[in-house]
Amino acid sequence: MRRVKLDRIDRRILRDLQADGRMTNVELARRAGISAPPCLRRVRALEEAGYIRGYHADINPEALGFHVTVFAQVGLSSQAEQDLKRFEDLVNSWPEVRECNMLAGETDFLLKIVASDWDSYQRFLTTRLTAAPNVSHVKSALAIRQSKFAPGVPVDVDVGPEIKDEDDEEE
């Protein structure tokens with residue numbers, strides 16, 4: 001993975017692709033103010049450098065029968081690295097868990113879990129999550145509604161840190 005300098009055009013490309021990953025290269029180039037071939041080269045360089053990790057469809061969970069979203073705060077009995085890794089590996093095998101974040105503080109992990117209904121979540125909770133090795137406690141919070149969904153990060157085209165190549169010398 002090679003690093004690239006992020007200039008205003010790169011940040012614009014990142015911002016626009018984050019907002020609409022299906023945008024054509026021609027439209028992306030037009031918005032960035034460059035022609036299509038250099039735009040495509042820049043996108044490929046951003047992908048290779050790891051700034052763009054992938055492209056995803058935003059699926060409506062309710063359309064597929066997932067009417068419940070729960071945030072579960074999970075505490076483990078042991079925080080030894082091998083125990084943390086085992087828990088993360090187990091969580092990665094559960095398709096209902098859509099996000100898993102290790103936290104600092106009294107909660108070890110925060111999981112975002114989807115289920116068809118509350119009873120389905122409770123079955124998951126009792127047969128998988130609380131039954132998992134090393135899990136000491138789980139605190140569940142039912143999401144009532146989502147008022148904001150902004151995946152990714154804020155990308156300010158005009159103002160932002162200049163990301164330098166690793167080979168650049170300090171001045």
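1. A polar contact is taken here as a pair of N or O atoms within 3.5 Å, where, within protein, one must be able to donate a hydrogen and the other to accept it, and residues adjacent in sequence count only if both atoms are side-chain atoms. In this predicted model, local features need pLDDT of at least 70 and side-chain atom pairs count only at pLDDT 80 or more, while totals for chains, interfaces and linings use all residues. Residues are numbered from 1 along each chain as its sequence is written, and side-chain values use heavy atoms, with hydrogens and water left out.

2. Asp117 caps the N-terminal end of α5, with a side-chain oxygen 3.3 Å from the backbone nitrogen of Asp119. Helices (H or I, at least four residues) and strands (E, at least two) are DSSP runs, numbered from the N terminus.

3. Within α5, which spans residues 118-129, Ser120, Tyr121, Phe124, Leu125 and Leu129 are buried (under 20% relative accessible area, with exposed over 50% and partly exposed in between, using a 1.4 Å probe and protein chains only). Seen down the axis of α5, these buried residues fall within an arc of 140°, so they line one face of the helix; the arc is that of the directions from the helix axis to the C-beta atoms.

4. The structure holds three aromatic pairs, meaning rings of Phe, Tyr and Trp (its six-membered ring) with centres within 6.5 Å, stacked if the planes are under 30 degrees apart, edge-to-face if over 60 and tilted for the rest. Among them, Trp94 and Phe124 are edge-to-face, at 5.3 Å centre to centre and 85° between the planes.
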